[in-house]
Every structure is written in C-alpha cells, then in structure tokens.
Amino acid sequence: MFASPRAAAATRTLGQRWFTAGVTVQHENPLGLPRRPGPPPQIPRKGGPIQKRSLPYVKKVLAVASGKGGVGKSTVAVNLAFSLAMHSKHATRQRPRVGVLDLDIFGPSIPKLMALEDAEEPRLTDAGAIVPIVNHGLPCMSMGFLLPKAPGTDTSADTPVVWRGLMVQKAVQQLLFDVDWRDPDGGAELDLLVIDMPPGTGDVPLTLGQLVHVDGAVIVSTPQDVALTDVRKGVSMFQKVSVPMAGLLLNESHYICPSCSTSHELFGSPAAFRATAARFGVDILGELPLVPGVSRGGDRGVPYALYSTDGPSGTSDPGGEEWKETMARVAHKIWQFLSR
C-alpha cells in the first residue's frame, strides 16, 4: 500500500481541502489526498460487525483522552510520549520509536506544544501517504499542519475548521490510515503511537474505537468533581467499544510551595478521583503535581520531559523532580500494560 521508505523524500503536496461543510462532494476526501488503492475503512452499520484494523506501520496504539477539556491532556500526552521513548527499559538497546497523532480536529494542540506552528505542509510519499513532521526526534501528525495560513500571517493557528460530523469522521480516518509512520532513513515502524484525543465522547473517539485496534487508553483528569463526572463517561465509552483501559492519570493533583515545601491541594482532595478508579476497577497510573515549568515548556514548544529538573526558566521548579519521577513510573506501568 505504501511506497518504499525512500519515497518519504518525495515532494508531492496535498491537494485542495475544504474547511467548511458546504461542499458535500468532498466528504469522502476532506484532506485532499490522492486516491489510493484498496477500500477505505468503513464505520460499521447498526447491528453489523465491528471490523477493526491495525494502523499501517504501527505496532502498538495508546489513546490519551479526557472527559473534560482543559485538564492538560495534550500536554500530558506529549510529555508521556517522550517519557515512553526514553524509558530505562530500553536503555540497553535502540530506543523505541514513538510518535504522536493529534486527533483533535477543531482544536489541535500538538503544533504549539512541539514548536511546529510555522512548519511547512507535510509532504507525501509516492503512494500518496502523509509524511509526519519530526521535532525533538519525535514524529508528529496533526490537523494543525494541514490548515491554510491566515492571510497576512505565517501561521495557521487562528484558522478554524468548520465541519459537520461526516467530514470529521472522514478526516479522522485519513489521519489514522493515510500516514506513513516509517523512519525515512531505515524504514523502521513505530513501536508505539500515542494518540492525543479530543475531549468528550463524540465522533472522534467513537471512530477510533470502532475502526482501530487500540492497545490501551489513558484518561487524564484533574481533582474537581466537574472533571471526574466526564471521566466516568469516558471509561464507560472505552469499555463499550472494547478498548482496554491502561489506567487513570491525575493531573495538577497538588502544588508544592517553593518557600516551605508543603504540598497544597489547590483543586481539591484526590479522594474522589481515587474512588472513581476503584469504582470502575481501573488502575491509577500516577498523580502529577502542578509544576509551572510544564506550562512554560509547552508554550515554548519544548516539553518539560526534555528539561533537567531546573526547567525552562533555568531555576528549580517546585515539584519538578516529583513530576519527572511520577511520569517515569507512569511510562513504566504503560509499557508493562502494553507488553501483556
């Protein structure tokens, strides 16, 4: 289906894409990709069997989701991808190849978090597959890379996607099945693809769960009850589409005061989060502290996992060491889960 690894050096460009829902003729190909051989994946009809497929050149798939927006899911997903790639389990051999796929069609965050807001449009292989963009050694793909730049600017950050459900479903299918994740230099497949999901339980997570063999899912939350209500819905959704739950991850669990080193639960006790995990029989992967450097690193496009404990400001971040140790343990647990 795909061209040889050397075809990744091709300079073919993407065709015209439509960013309003008014052009119904483009529903089957919203990203403007060249026609490729073989039938596209199909959403199962009501009562019909679910035909799940593996993603091309991807060994394992991990979905990072949240029921509620604004809990730091995308930041966690990117940092988790780097932590998984750097896990000590792989220190004695070549590091695993880990990639990130941003499936948030309406609000993609990966371009900002990976300092790729001004990146050129992705190239195509000879077979018409999209070539991921690489930064910090991590291959990435996002809807944000495919948006036209706003007039008079060098960025597409302010370009909206105004689509209805069918266009979104088709775009998701193309981002899932029409990206060539192989290493252009050696042709190696991805050992793991981390998928940054949009918040909620709508079209995108349903499409992923129905069409793709997902090896595990992580749901990110904050301690507030308003976030935990949607976590419960997210767990139930993944269970309905037979996606195994790797565990829950609590973000911004507490803040460590720089003056007295005391831990403060700014957003409430984690007791309700722990009770939610126990109710569904889901593992707690970890509880990440609130660290200012995580936000600063994301704004600069350099994930916090790549910094020393001093962080992007050059000074020690309260809780930074605990954050890194917790993220390393989370990565270890996930690799163990995926290796079952």
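Colleague: What makes α1 largely enclosed by the rest of the structure?

Modeller: In this predicted model, 12 of the 13 residues of α1 are buried, so the helix is largely enclosed by the rest of the structure. Buried here means under 20% relative accessible area. Among the buried residues of α1 are Lys73, Val76, Asn79, Phe82 and Ala85.

Colleague: How do you know that the span of helix α1 agrees with its 13 residues?

Modeller: Helix α1 covers residues 73–85. The expected span is 1.5 Å times one less than the number of residues, and for α1 that gives 18 Å. The end C-alpha atoms of α1 are 18 Å apart, so the two values agree.

Colleague: Why is α1 called roughly perpendicular to α8?

Modeller: The axes of α1 and helix α8 (residues 320–338) cross at roughly 70 degrees and come within 9 Å. Angles of 65 to 115 degrees count as roughly perpendicular, so α1 is roughly perpendicular to α8.

Colleague: Which residues in α1 and α8 meet?

Modeller: From α1 they are Val76, Asn79, Leu80, Ser83 and Leu84. In α8 they are Trp323, Met327, Val330, Ala331, Ile334 and Trp335.

Colleague: What makes α5 roughly parallel to α6?

Modeller: Helix α5 (residues 225–240) and helix α6 (residues 271–280) pack at an angle of about 20 degrees, with their axes 10 Å apart. Angles under 35 degrees count as roughly parallel, so α5 and α6 fall in that class. Their crossing is right-handed. Residues making the contact include Leu228, Val231 and Val235 of α5 and Phe273, Thr276 and Phe280 of α6.

Colleague: Why is Glu287 called buried?

Modeller: Glu287 has a relative accessible area of 19%. The cut-off is under 20%, so Glu287 is buried. Glu287 lies in strand β10, residues 284–287.

Colleague: How do you know that the side chains of Glu287 and Arg274 make a polar contact?

Modeller: The distance for this pair of side chains is 2.9 Å. A polar contact needs a pair of N or O atoms within 3.5 Å, and the Glu287–Arg274 pair is listed as one at 2.9 Å. Leaving aside neighbours within four places in sequence, Glu287 is also in contact with residues including Leu249, His254, Phe273 and Thr326.

Colleague: What is in the protein chain as a whole?

Modeller: The protein chain has eight helices and 10 strands. Of its 340 residues, 52% are buried. Among contacts with a separation of 6 or more, 76% join residues 24 or more positions apart.

How values were computed. Residues numbered from 1 in each chain as written. Predicted model: local features only at pLDDT ≥ 70, side-chain atom pairs only at ≥ 80, totals over all residues. Heavy atoms only, no water. Helix = DSSP H or I, 4+ residues; strand = E, 2+ residues; numbered from the N terminus. Buried < 20%, exposed > 50% of the residue type's maximum accessible area, 1.4 Å probe, protein only. Polar contact = N/O pair within 3.5 Å; in protein donor to acceptor, adjacent residues only side chain to side chain. Contact = heavy atoms within 4.5 Å. Axes fitted to C-alpha atoms, helices over the stretch in contact; angles between N-to-C directions. Parallel < 35°, antiparallel > 145°, perpendicular 65-115°, else oblique. Left-handed = near helix turned anticlockwise from the far one by under 90°.
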